[in-house]
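Please walk through this structure one residue at a time. Keep the sequence beside the 3D view as you read.

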Amino acid sequence: MALFQVSGLKSYAELREQILPARQTHLFDRTNHYNFGTKTQEFAVPLGVDPSGFLGTCSRDGGVSIDLNHGTTTLAFKFRHGVIVAVDSRASAGRYLASNDVNKVIEINPYLLGTMSGSAADCQYWERLLAKECRLYRLRSNHRISVAAASKLLCNMMLGYRGMGLSMGSMICGWDKEGPGLYYVDDRGTRLSGRMFSTGCGSSYAYGVVDSGYREDMAVEEAYELGRRGIAHATHRDAYSGGAVNMYHMQQDGWIKVCKDDVSELIHRYRKGMF
Amino acid sequence: MLSSNAFVDPGKMKDYHYTGPVEHRFSPYSFNGGTVLAVAGEDFAIVASDTRLSEGYSIHSRDSPKCYKLTDTTVIGCSGFHGDCLTLTKIIDARLKMYKHSNNKTMTSGAIAAMLSTILYGRRFFPYYVYNIIGGLDEHGKGAVYSFDPVGSYQRDTYKAGGSASAMLQPLLDNQIGFKNMEGVQHVPLTQDKAVQLVKDVFISAAERDVYTGDALRVCIITKEGISEQTVPLRKD
């Protein structure tokens, strides 16, 4: 099974389909209950209904209320000494706080990180799939995948399901032969390379804080503090963000996890300096 | 059973005045109530659920537990739409057997959780209306709880409540097990007996205040010796 996949003994068409699943979306217009498709994922789609609006219409009948986990603030910026990635840790389902302790940074491999914002399930699933594709790439071509290529893989997966109601805003960060890399990918197929991004419902607040304190030649500790402040202030003002700040630093030889600070303690500390 | 527009807000009397033409449409889902809870300890895990199956203002059954045994070390609790709960547990059982036959070993709790995530995501555009919580022992023998949303987003927790009374139970668990919002209290690790007693007390509170929770409580305790079950009566009104 796995060895067969890894050995790459396939025709070109099959191989292309494996790398670019977006070329042919496996949408079946019948509910496929026994989805044992272990090689290619199949998606069941409701009959004759627009999938992106379907869940909303179901939520009105007979007490049914299907709420999916959502909401975030994430930010990442490049500077002289690498890339800083900072995220909050709250997941809300409608008005209910499903969890205050979610890890929104997926560690794809020791030199690639992906962040998650929008729908938790979409991010977890597609980034886990991206991790699998990156691993297969490494095994087949005997060199690490570049950040540009990894973000392109994710972008193409999103394009295959565009308009179906997926919700994902992710930043792919890494360090490859070109140096530190930071790409923003979202559910509409946008893919942008840049120096600084922030996503999620609290992103405007984070942008304000990081824009005002950012310098390309910051020291490492200064950069950590800037990332922490960006998330802390965003969680303070955005209801759907909160919990703790999880921060990672992408360096030349891989990422390190810097800290996990509770937001209420951070705000308390900043308040002392404010008044 | 077709759900009708007569109860838009369960428990609330609908105002009978003519609002204009209303489109009645078949809904593939229905809400059958029920609450599930799971707690992970140092070397044990507990999965508990009530046994009431309701729909709208009626109770279909007083003896329909929502915990399903998957392996000797894992139990899943499913609440939401009963039809989807049954189908989902059938699919998980079949996949467990397939794994056993091709890999010659039982799936671990973590692997079951990851598999369930992909099963649920396969229905991203037409979800299973089920709130799942898996409780069991991990490979090191420590208690593990995995909680899911209807489309497969999951994470490992120490304790989690799901289902109709989840919003009432979760804060109570946060306080008693997570020691949140308590100052100057020693963080004593949870013993098995204290955890079982806490779960029973918590469900008694839920039955007081949630119409969809009650009748009886089924508690499954998972230890390395196996899975033991207890049934405790709750309010039947």
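The paragraphs below look at an annotated residue and then at salt bridges.

This is a predicted model, in which local features need pLDDT of at least 70 and side-chain atom pairs count only at pLDDT 80 or more, while totals for chains, interfaces and linings use all residues. Residues are numbered from 1 along each chain as its sequence is written, chains are lettered from A and ligands numbered from 1 in the order in which they are written, and side-chain values use heavy atoms, with hydrogens and water left out.

Start with A:Thr72, which UniProt lists in an unreviewed entry under "active site". UniProt positions are given here in the numbering used for this model, feature names are shortened, and annotations may be inferred rather than shown by experiment. A:Thr72 sits in the loop between β3 (69-70) and β4 (73-79) of chain A. Helices (H or I, at least four residues) and strands (E, at least two) are DSSP runs, numbered from the N terminus. With a relative accessible area of 2%, A:Thr72 is buried. Buried means under 20% relative accessible area, exposed means over 50%, and partly exposed lies in between (1.4 Å probe, protein chains only). Beyond its neighbours within four places in sequence, A:Thr72 has contacts that include A:Asp88, A:Lys104, A:Cys201 and A:Tyr240. Contact means heavy atoms within 4.5 Å.

A salt bridge is a side-chain nitrogen of Lys or Arg within 4 Å of a carboxyl oxygen of Asp or Glu.

Which residue forms a salt bridge with B:Arg124? The partner is A:Asp122, and the closest N and O atoms are 2.6 Å apart. This pair crosses between chains, from the loop between α2 (109-121) and β7 (130-137) of chain B to helix α4 (residues 120-141) of chain A. B:Arg124 is buried at 7% relative accessibility, and A:Asp122 is buried at 0%.

Within chain B, B:Arg156 and B:Asp138 meet in a salt bridge of 3.2 Å, N to O. The two lie 18 residues apart, with B:Arg156 in strand β9 (residues 154-157) and B:Asp138 in the loop between β7 and β8 (143-148). B:Arg156 is partly exposed at 41%, whereas B:Asp138 is buried at 11%.

B:Asp72 and B:Lys69 also form a salt bridge, their closest N and O atoms being 3.7 Å apart. Here B:Asp72 is exposed at 56%, and B:Lys69 is exposed at 51%.

Finally, in chain A, a network of salt bridges links A:Glu225, A:Arg228, A:Arg229 and A:Asp261.
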